[in-house]
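Please consult the sequence and structure shown here.

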Amino acid sequence: MSEPIAYGPARLLPGEQIRISTNPDTQPFWEAAKAHRLTVCQCAKCGHMRMPPSACCPECSATEKAWPTLPGTGTVFTYVVCQKNPVTGEPYVYVPVVVEVDGGGGTRLNANVTGCNAEDVHIGMRVAVEWTPIQDGWVLPNFRKA
Amino acid sequence: MVWANQDKCAIVGVGATDYYVRGKSWPRTVNEMACEAILKACDDAGISIRDVDGFAYYSTAGAGYLDKFDTGSLIETLGMPHISYTATLTAGGGGVAGAIGLATAGLMNEDAKYVVTVMALQQLPQNRFGVLGVSSVPTPENSFLKPAGLVGPGYSVSMLTRRHMHLYGTTQDAFGEIVMATRANTHNRPKAIRKEPLTKEQYDASVLLSDPLRRLDFCLETDGAVAVITTTTERAKDCRNKPALVHACAHGGQREWGRAFSWMGMPDPWFASSGHKFTADRVWAQSGLTAKDIDVALLYDHFSPMVLMQLEDYGFCEQGEGNDYVLAGKVRYDPVTRKGVNGGTPVNTHGGNLNEAYIIGMTHVVEAVEQVRGTAINQVADCEFALASGGPATIPVSSLILRSA
């Protein structure tokens with residue numbers, strides 16, 4: 001095994017190079033993010049939570065959706081350390097994380113984490129949402145070490 | 001319950017082009033390479049292209065990532081008189097082993113007599129797989145994944161790998177051993193792209209593209225084409241070479257795996273797995289076999305940790321024990337005894353996607369055929385059963401057991 005690498009600060013990918021698209025199933029999630037409100041898709045009938053938002057509930061098949069306000073905190077489920085900006089190819093340390101969100105019924109978000117060195121990110125680390133403006137006026141939920 | 005169609009069909013022909021480093025096959029066209037592979041497979045089977053009347057594709061009939069196979073165009077190009085079966089499995093490379101089951105379905109339904117399964121791949125700069133994710137606007141669904149900067153599947157597989165390391169203490173040394181052990185199988189293969197022996201020092205010096213994975217944990221990017229022909233075992237008697245009997249074949253997957261690392265919502269223990277437990281259990285049920293009965297395992301190795309996780313899902317070892325299994329040398333092939341090492345089953349005797357060539361899994365099917373024929377370059381002694389798998393990715397994944405006739 002090689003020695004642990006001192007990567008240095010974990011940075012968020014620049015918002016101006018990130019695009020998303022939406023459809024009627026997913027748009028309420030992104031509208032909430034624009035208002036800096038973290039939500040996940042919840043079945044309005046049986047309460048089951050799912051991500052990404054999809055046409056119908058996998059538990060009860062209902063199409064009605066609720067968008068509860070979550071506390072905006074969570075736990076790192078797993079992560080990867082990357083060293084290159086994927087668009088420009090320049091050296092750029094960023095850490096994609098899978099975050100299990102508090103109050104989200106086990107649902108997860110894929111994001112970047114900041115507020116610590118990349119080599120200090122670990123599974124189980126507590127994080128809080130950090131809002132990143134991206135293209136077309138949308139806002140992306142990223143995370144910061146809590 | 002034994003599969004009703006067990007041993008009733010067989011792969012009777014295999015054909016392949018040379019393998020080229022990504023982009024180097026130009027100015028050949030992807031169709032020209034596909035046709036060469038198909039015609040070579042016909043020749044190997046001892047049949048005419050005019051006898052072929054079926055296609056069973058996978059990867060949504062993709063020829064690589066942007067090009068598509070079109071059966072109308074292929075029969076026009078190859079002068080085939082008619083087609084009575086043309087079908088594909090959905091999604092991507094996960095279906096490669098299952099495409100042989102799709103061929104079997106057409107044959108057993110008497111839709112066709114000789115069915116081709118083909119993959120051709122040409123990654124010119126504009127349609128390189130790893131670049132597609134960066135340049136394209138994400139769909140509404142993968143807008144929940146791509147903004148995190150997971151550039152390609154290797155980055156996403158690193159997420160599963162990290163979780164496996166966390167849950168079970170799996171080490172990067174095991175991934176290195178998989179790369180080195182399968183590299184040791186290519187020195188005598190004229191068409192292999194990576195043939196030089198690999199040391200642990202060289203592996204450790206390979207750049208961490210997406211920590212915990214290094215460049216050498218990622219498979220090759222290759223151009224080329226591979227085709228195989230499946231027919232009924234009855235017709236196979238008239239073919240040129242020894243048939244490879246389709247003993248069991250399954251594709252699919254379970255809800256907990258779903259879109260897998262395009263989703264990241266898999267609950268433990270499925271998250272840190274290859275997603276193959278479902279199809280593995282199906283082929284074991286179809287055949288009555290277990291991992292212990294398999295003489296050689298051709299496991300889809302787009303990324304080295306997925307070999308380790310498949311060893312667990314197929315039951316070569318328990319889940320969480322892949323690290324120790326691999327580090328005990330049990331994926332190695334011993335050219336002296338022509339058997340496994342330390343009680344293990346030889347894995348990827350052809351060098352796999354990591355070392356020989358990456359034609360989206362078709363080389364694994366070819367190696368399975370050659371092993372049960374007894375004609376493989378790194379022949380396993382007394383090889384009766386060969387297992388081939390389709391890439392751990394979004395459903396379907398797939399499993400195939402070939403039997404020596």
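## Strand pairing across the chains

A:Cys82 stands opposite B:Ser210, a residue of β8(B). Strand β5 of chain A (residues 81-84) is joined to β8(B) by 2 bridges, and the two strands run antiparallel. Strands are DSSP runs of E with at least two residues, helices are runs of H or I with at least four, and both are numbered from the N terminus; two strands pair if DSSP finds at least two bridges between them.

The model is predicted: local features need pLDDT of at least 70 and side-chain atom pairs pLDDT 80 or more, while totals for chains, interfaces and linings use all residues. Residues are numbered from 1 along each chain as its sequence is written, with chains lettered from A and ligands numbered from 1 in the order in which they are written.

## The side of chain B that touches chain A

In total, 28 residues of chain B are in contact with 30 residues of chain A (C-beta atoms, placed from the backbone, within 7 Å). On chain B, the elements giving two or more residues to this side are α5 (153-168), α6 (172-183) and β8 (208-211). The most come from α5(B), with 6 residues.

## Helix packing within chain B

The axes of α6(B) and α10(B) (residues 304-313) come within 8 Å and cross at roughly 100 degrees. Axes are lines fitted to C-alpha atoms over the stretch in contact, with angles from 0 to 180 degrees between N-to-C directions. The two helices α6(B) and α10(B) are therefore roughly perpendicular (65 to 115 degrees).

From α6(B), the contact involves B:Ala174, B:Phe175, B:Ile178 and B:Val179; from α10(B), B:Ser304, B:Pro305, B:Val307 and B:Leu308.

Note on methods
Contact = placed C-beta atoms within 7 Å. Parallel < 35°, antiparallel > 145°, perpendicular 65-115°, else oblique.
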